[in-house]
Amino acid sequence: MSYEITDVDGTPTGTIVTTTITGDFPGSPFAGLRYRFSDYDDSAIRVLRIAP
């Protein structure tokens with residue numbers, strides 16, 4: 001599997017990183033997968049949500 005970061009957006013509640021993932025699975029490539037990072041600092045990510 002591989003991924004490409006297509007967007008990074010800072011929001012008041014955290015950071016959203018949008019990617020396209022490609023691999024050996026049905027529906028590949030899948031565009032628009034969003035990683036929502038919140039409650040983080042330089043040493044740890046405490047909350048990460050992954051959703052389309």
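Throughout these legends, buried means under 20% relative accessible area, exposed means over 50%, and partly exposed lies in between (1.4 Å probe, protein chains only). The model is predicted, so local features need pLDDT of at least 70 and side-chain atom pairs count only at pLDDT 80 or more, while totals for chains, interfaces and linings use all residues. Residues are numbered from 1 along each chain as its sequence is written, and side-chain values use heavy atoms, with hydrogens and water left out.

**View 1. Strands β1 and β2 form a hairpin with two residues between them.** Strands here are DSSP runs of E with at least two residues, numbered from the N terminus, and two of them pair if DSSP finds at least two bridges between them. Strand β1 covers residues 2–11 and pairs with β2 in the antiparallel sense over nine bridges. Look for Tyr3, whose bridge partner in β2 is Ile21.

**View 2. Strand β2 is largely enclosed by the rest of the structure, because eight of its nine residues are buried.** The strand spans residues 14–22. On to its other pairing: β2 and strand β3 (residues 30–40) run antiparallel and are joined by seven bridges. Here Val17 stands opposite Tyr35 of β3.

**View 3. Thr19 sits in strand β2.** At 2% relative accessibility, Thr19 counts as buried. Its contacts (heavy atoms within 4.5 Å) leave out residues up to four places away in sequence and include Tyr3, Glu4, Ile5 and Thr6, as well as Phe30, Ala31, Gly32, Leu33 and Tyr35.

**View 4. A cis peptide bond links Ser28 to Pro29.** Omega is near -5° for this bond. To find Pro29, follow the loop between β2 and β3.

**View 5. Asp39 has a positive phi of about 50° although it is not a glycine.** This residue belongs to strand β3. With 46% relative accessibility, Asp39 counts as partly exposed.

**View 6. Tyr40, Ile45, Leu48 and Ile50 make up a nonpolar patch on the surface.** Such patches are made of residues with over 30% relative accessible area and no salt bridge, with nonpolar side chains (Val, Leu, Ile, Met, Phe, Trp, Tyr) joined within 5 Å; a salt bridge is a side-chain nitrogen of Lys or Arg within 4 Å of a carboxyl oxygen of Asp or Glu. Together the four residues have about 380 Å² of accessible area, from the Shrake-Rupley method with a 1.4 Å probe. Strand β4 (residues 45–51) gives the most to the patch, with three residues. Ile45, placed in β4, counts as partly exposed at 48% relative accessibility.

Methods: Helices (H or I, at least four residues) and strands (E, at least two) are DSSP runs, numbered from the N terminus. Patches are made of residues with over 30% relative accessible area and no salt bridge: like charges are joined within 9 Å, nonpolar side chains (Val, Leu, Ile, Met, Phe, Trp, Tyr) within 5 Å.
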